[in-house]
Amino acid sequence: MNRRQWFQFGAAAIGALIGLVLAVPGVAYLLSPLLKRRTDDSDFRTLTRLGDLVEGQPRSFSIIEEQRDAWVSYPATPVGTVWLVRQPEDAPEPVIALSAECPHLACKIKVSGDGKGFLCPCHASFFELDGSRVNRISPRGMDTLEVEPIDPNDPNAEIRVKFHRFRTGTEEKIPLA
Amino acid sequence: MRNRSQFSEWIDARTGLVSRVSGLSGETVQGGAGLRHVFGSALAGAFLIQLITGLLLMTSYVPSSSHAWGSVWFIEREMMLGWVIRGLHHFGSSAVVILLALHLVQTIVMASYRAPREFNWWLGLIMMFAVLGLALTGYLLPWDQKGYWATRVATNIAGTTPVIGPLAQQVLVGGIEYGNQTLTRLYGLHVGLLPLVIILCLLGHWALARRHGLNGKERPQRTDSYWPAQAFYNLAAIGLVLAILLGVVLYEGGAGLEAPADPTGTDYPARPEWYFLALYQLLNEFESDTEIIGTMVIPGTIVTILFFLPILDRLFPKRLVHFGACALIFGVLGGAGYLMSKALLADWNDAAFILARQEADEQRDRADQLAEANGLPPDGASYLMARDPLSRGMDLLEANCLSCHAYGGKVRVQLQVAQPTAEQLASADPTRFAELGQSLSDPVLRSLAFALPEDFMAEEVRRDENDVTQTKVILKGKNAGGERVEAELVEGRSHVIVQTEAVQSASDLEAFGTRDWIRGLLEDPTSPKYFGLVPQCGGMAEWKAGSQLSSEQLDQVADFFAEYVIPYREGVSAASWELQFEDPENQHPGYEHFLNECANCHFWGLGGADGTGVDAPNLYGWGSPTWTRRMIEEPGARDLYGYLADHEQMPGFAGQLTQEDLDVLIRLLKGDFLPVRDSEDGSTTQPAAAGIVVDAQQQPD
């Protein structure tokens with residue numbers, strides 16, 4: 001190895017080392033959000049009573065939660081919306097809960113003008129009252145949320161729902177950790 | 001060049017980039033490649049490190065007076081290796097300043113300011129100011145105590161500039177008050193304008209350096225090209241800088257973050273970063289009427305001479321100017337070194353500074369602990385401490401309550417540091433404490449005589465020689481007010497730490513408003529924790545002397561208070577509250593004892609004041625925040641301690657404390673706070689600093 005080659009090799013090695021020392025913490029730093037797993041501490045929460053829901057008339061409820069936004073802790077504020085739909089008497093479940101977050105691109109779903117279905121105002125995704133798709137704009141139907149089993153004949157039974165967020169834009173319903 | 005790939009040819013044909021780069025890298029280095037040419041490149045490399053780490057920090061930093069601290073805390077403590085990135089950026093500024101000084105010295109020593117390199121010299125000087133500007137503005141950005149107070153000082157120095165000073169200051173600060181506008185403006189300078197100036201100047205500086213070639217003695221036998229020989233040396237230098245930086249960051253554990261900026265706090269020991277310490281000390285060298293010499297005239301003159309160096313070079317004999325320039329730069333560096341060590345030595349010897357620093361460290365750790373436990377309140381970092389009973393609450397307690405009350409057995413302890421000048425020592429009377437014995441030297445006796453008040457009566461003196469490096473002298477006694485006074489000094493140093501302990505004359509407030517407090521009172525009202533030191537509140541002691549209640553029954557009374565009295569609900573009248581005990585089946589056993597024993601003096605609801613002949617406060621809602629708040633604001637109300645009107649009685653604090661301050665104080669009394677974290681074993685302890693008030697004022701001449 002002559003002098004010139006030695007310098008070439010040395011310069012490349014040192015250059016690579018400098019790059020590495022800066023890149024490793026830099027990339028780790030930028031990827032922090034990926035490396036941080038939030039534990040799933042969501043729990044069933046009471047939204048209303050069975051007797052307050054009318055079949056065929058969806059009602060929306062706010063999910064109120066304390067929120068941590070990076071370094072800031074916010075007191076309990078609405079963090080999401082859930083549609084509760086009372087089912088006919090012969091249905092297997094008395095109530096279904098649907099997340100108001102559109103599985104297409106996460107806009108907020110509202111009840112359509114005629115009240116017979118749901119509509120996402122951003123890209124005109126239509127859904128039936130059971131959350132299934134009417135058109136094919138959203139990749140999947142509205143996301144159902146877990147409802148604690150209740151006695152379908154007790155109008156005072158509390159409707160308790162576990163709130164979750166799911167990845168948008170996928171056919172499959174993948175919970176966000 | 002040979003062996004170029006087709007792709008390089010394609011790019012080169014369209015941009016000329018490849019030819020240009022290979023042309024540059026093939027340029028010969030005059031005098032051969034070597035370490036003497038690395039300083040400029042190492043400086044540029046360090047700047048590049050700052051640029052990269054700075055951009056990374058920008059992705060997480062918020063320039064707002066409410067949230068800057070929180071975002072920096074988040075980078076430090078929550079983001080992966082964020083402390084390394086910020087540490088590199090923080091200590092990188094020191095590296096840039098050191099390399100800048102080296103580059104400047106080398107340029108002057110090699111007389112590289114001479115024609116035809118004048119413009120290169122001037123560009124370099126402009127960059128030097130931009131770098132110092134970056135250092136100054138960056139210091140503020142975390143909006144912690146350090147940055148906040150240092151920036152106040154720096155912008156106030158700018159404000160002393162004749163004519164334009166006050167206007168410049170107001171523009172820089174964004175008004176009169178330091179706040180969001182200060183932060184956004186200095187942030188704009190730090191991440192926008194100043195880096196842009198440096199990058200533009202650097203391009204010109206570099207192009208001109210290429211044009212004129214590197215300066216150096218010709219060594220004809222060596223004909224190195226830039227690549228790879230000089231490139232190797234440059235990269236090695238940058239690598240060394242980075243390695244040292246990384247070492248410092250790992251050793252120091254990052255850049256550190258002080259408690260959030262507190263504009264109302266007074267005793268933060270603000271010091272600038274080390275490279276501005278010389279300027280800071282220069283400022284201290286002058287009295288206020290001549291201060292401008294230190295802040296403006298001396299630095300201004302040095303800068304002006306540097307700027308005109310190439311012109312002086314033409315007007316005067318070259319060798320004379322070169323000698324003068326070398327003398328100036330080494331003189332400035334030597335002077336800066338002298339001033340810096342003087343400043344450091346002054347702090348090292350300054351007991352008041354050390355105490356204030358300890359306090360600042362405690363606040364820093366507390367802020368970190370609070371942020372980690374609960375995050376920051378949405379309204380900003382300054383509320384972190386303001387809503388912490390152990391921080392704000394303890395300050396309020398010390399200032400307002402602990403001159404009579406105790407908290408956890410501790411009363412108000414005032415620390416004063418007496419730092420006599422030589423003349424003051426000379427005029428002090430060494431015979432004042434002559435009776436203490438011959439063991440004390442004359443300087444010690446003079447220091448003590450200066451530091452201790454006239455009414456001090458000595459009781460005990462002790463020499464502590466356990467420490468091999470220093471001998472402590474501790475003198476204990478009392479002043480005329482009966483307060484315990486303790487003076488401590490180290491032989492050979494003149495400053496004396498004087499500790500004055502208040503005399504407790506009221507109850508201990510720790511756990512006031514809880515079951516424990518009421519149970520303790522029922523057990524032994526004459527304890528100094530309760531009414532032992534308050535003869536005018538002797539009613540409880542009288543009751544105790546005649547009471548037959550067993551320990552179990554006293555427990556029941558305390559339980560009754562914990563379950564029914566302390567959880568007071570606003571808006572429920574005493575009468576309707578009492579109705580719940582009507583039903584005999586519902587009756588709490590403690591209620592019965594209360595009616596039989598306590599209700600002889602105490603009332604719920606109406607009554608209980610002097611008009612009814614009952615000398616005891618009304619207990620409806622005792623221990624609840626509402627009751628305690630009234631007690632703080634209006635203790636002389638007729639339903640509270642109005643019957644004591646003729647005696648020495650607690651003063652009311654109505655109007656002196658904000659709602660938030662009252663809340664935080666009451667939470668402190670009830671013990672409703674996050675315990676202080678003990679870093680050693682993870683367990684928690686009570687606040688160590690309870691009751692200590694540091695009064696770090698220097699004694700007036």
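In helix α18 of chain B, the buried residues are V444(B), L445(B), S447(B), L448(B), A449(B), F450(B) and A451(B). Buried means under 20% relative accessible area, exposed means over 50%, and partly exposed lies in between, with a 1.4 Å probe and protein chains only. The helix spans residues 442-451, and seven of its 10 residues are buried, so α18(B) is largely enclosed by the rest of the structure.

A word on the basis. This is a predicted model: local features need pLDDT of at least 70, side-chain atom pairs count only at pLDDT 80 or more, and totals for chains, interfaces and linings use all residues. Residues are numbered from 1 along each chain as its sequence is written, chains are lettered from A and ligands numbered from 1 in the order in which they are written, and side-chain values use heavy atoms, leaving out hydrogens and water.

What do the buried residues of α18(B) pack against? Against β1 (413-418), α17 (422-427), β3, β4 and β5 (496-501) of chain B. Contact here means heavy atoms within 4.5 Å. Helices (H or I, at least four residues) and strands (E, at least two) are DSSP runs, numbered from the N terminus.

Now β3(B) itself. Strand β3(B), residues 472-478, runs antiparallel to β2(B), residues 457-464, and seven bridges join them. Two strands pair if DSSP finds at least two bridges between them. V461(B) has L475(B) as its bridge partner in β3(B). β3(B) also pairs with β4(B), residues 484-490, again antiparallel, over seven bridges. There, K472(B) stands opposite V490(B). β3(B) and β4(B) make a hairpin with five residues between them. In that turn, G482(B) has a positive phi of about 80°.

One more residue in chain B. D347(B) sits in helix α13(B), residues 318-348. D347(B) has 13% relative accessibility, so it counts as buried. Leaving aside residues up to four places away in sequence, D347(B) touches R271(B), F353(B) and I354(B).

On to chain A. Three strands form an open antiparallel sheet in the order β5-β6-β7. At the edges are β5(A) (110-111) and β7(A) (125-128), each pairing on one side only. Two bridges join β5(A) to β6(A), residues 117-120. V111(A) stands opposite F118(A) in β6(A).

How many disulfides does the structure hold over all chains? One. The cut-off is a pair of cysteine sulfur atoms within 2.5 Å. The disulfide joins C107(A) to C122(A), S to S 1.9 Å. C107(A) lies in the loop between β4(A) (95-99) and β5(A), and C122(A) in the loop between β6(A) and β7(A), so the pair ties together parts 15 residues apart in sequence. The torsion about the S-S bond is about -95°, so the disulfide is left-handed. C107(A) is buried at 17% relative accessibility. C122(A) is partly exposed at 41%. By contrast, C404(B) is in no disulfide; the nearest cysteine sulfur, that of C401(B), is 9.1 Å away. C404(B) is partly exposed, at 36%.

A cavity is a set of points on a 1 Å grid over the protein atoms alone where a 1.4 Å probe fits but cannot get out, and lining residues have an atom within 4 Å of a point. Grid points join across faces, edges and corners, and a volume is the space filled by probe spheres set on the points. The count is one cavity of 30 Å³ or more.

How values were computed
1 Å grid on protein atoms, 1.4 Å probe; cavity = no way out; pocket = protein on both sides within 12 Å on 5 of 7 lines; lining within 4 Å.
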